[in-house]
Amino acid sequence: MRWAGLAPGRGDLLEIIGFFQEELRRLAVDLRFARALDETLLDELRPEVAVLATGSLPQIPMLRGLFQTGMQLCTVTDIFSAQVEPGRRVMVWGGNQAGLVAADHLASQGRQVAVLHTGEHFGEAMSSNDRFYLRERLTQGRVKLYKQVVVEKFLADGVRFRAGGHTETLALFDTVVLADRFAPLREAANLFKGRGIPVHFIGDAKQPRDLMYAISEAEEIGRSVQ
C-alpha cells in the first residue's frame, strides 16, 4: 500500500496507513518489524489462529526473446520499492491497474512510456471513475497504449507484436517493467499448518485484487475470530 501511495494522485493511501498505525498504537498491538517468521517466533507467540496478508509478486511471463533482450528487465515491485532505476524509455507489460499506475508514475517523472496489454480492455478490475481518471492522466502524459497484444518477439531494444490486425515494432527502449499477472505469496502458511494452526488469507495473499477487498475481508475475519 505504501508503494502504491507513491503514484501520482494516490497519496490518500498513505493517509489510510497513518490511520491504521494510530489505531494499532491505541489498541496496544504488539508489532514486530524486520523479524523472520520461523519456528522460534511461533514458540514464543504460541498463536491459536494466523491471518496472512503477505501479498503477491508479479509473475514472469514466458515470451519469445524476453530473456535475450538487451533491455533491462524488472517488475513493478522493483520500480515502486526503488530497487531498480529504469531508463528514459520504458515499456510496461500489463495494462491492468498495476501496469497503468506504474506507467503513470514513470510518465510523471518525464520518461517516455508504452503499455502493452494482452486484454481487450484496460484496467478491467478498476472502478469506472478510477479508470477514467487514470486514462486521462496517461493521455496527458503521452503514454502510448496498445491492447490485444500478441508478441512475436522481443528484440534487442524493443518488441515486435500484433495488435488490431496489424504488426507493429517498438524500438529504442531501454527498460521492460513486468506488471501483468501476480501470484499470491503463501509459503508462510506451511509453518502454521504444520502445527495445526488455522490460517486465514486476506488481500493479495488470497487472490490479487483491489485494496478495498482486503480491508473488507480483514474486518470480517477480525469479527469471526474468537
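1. Strand E3 (residues 72-75) runs parallel to E10, and four bridges hold the pairing. For the bookkeeping, two strands count as paired if DSSP finds at least two bridges between them. Helices (H or I, at least four residues) and strands (E, at least two) are DSSP runs, numbered from the N terminus. Down at the residue level, Thr75 has Leu178 of E10 as its bridge partner.

2. Before going on, a word on provenance. This is a predicted model, so local features need pLDDT of at least 70 and side-chain atom pairs count only at pLDDT 80 or more, while totals for chains, interfaces and linings use all residues. Residues are numbered from 1 along each chain as its sequence is written, and side-chain values use heavy atoms, with hydrogens and water left out.

3. Back to E10. Strand E4 (residues 89-93) also pairs with E10 in the parallel sense, again over four bridges, and here Met91 has Val176 as its bridge partner. What about the faces of strand E10 (residues 175-178), and which residues cover them? Both are covered: Thr175 and Val177 lie on one side, Val176 and Leu178 on the other, and all are buried. Buried means under 20% relative accessible area, exposed over 50%, and partly exposed in between (1.4 Å probe, protein chains only). In a regular strand, side chains alternate between the two faces of the sheet.

4. Next, the hairpin. Strand E7 (residues 150-154) and E8 run antiparallel, joined by four bridges, and the two form a hairpin with four residues between them. Val151 stands opposite Phe161 in E8. Phe161 is buried, at a relative accessible area of 0%.

5. How many aromatic pairs does a search of the whole structure find? Three. Rings of Phe, Tyr and Trp (its six-membered ring) pair if their centres lie within 6.5 Å; planes under 30 degrees apart are stacked, over 60 edge-to-face, and the rest tilted. In one of the pairs, the rings of Phe19 and Phe20 have centres 5.3 Å apart and planes at 65°, so this pair is edge-to-face. Phe20 is partly exposed, with a relative accessible area of 37%.

6. Then there's Tyr146 with Phe161: ring centres 5.3 Å apart and planes at 75°, so that pair is edge-to-face. It links distant parts of the chain, with Tyr146 in strand E6 (residues 144-146) and Phe161 in strand E8 (residues 159-163), 15 residues apart. Tyr146 is buried too, at a relative accessible area of 14%.

7. Two arginines sit over rings, as follows. The charged end of Arg89 is over the ring of Phe173, 4.6 Å from its centre, and that of Arg186 is over the ring of Phe201, 5.3 Å from its centre. The test is NZ of Lys or CZ of Arg within 6 Å of the ring centre and within 35 degrees of the ring normal.

8. One to look at is Asp78, placed in helix H3 (residues 76-80). Asp78 is buried yet has no salt bridge, and the nearest side chain of opposite charge, Arg111, is 14 Å away. A salt bridge needs a side-chain nitrogen of Lys or Arg within 4 Å of a carboxyl oxygen of Asp or Glu; Lys and Arg count as positive, Asp and Glu as negative, and His and the chain ends are not counted. Leaving aside neighbours within four places in sequence, Asp78 is in contact (heavy atoms within 4.5 Å) with Gln83 and Val84.
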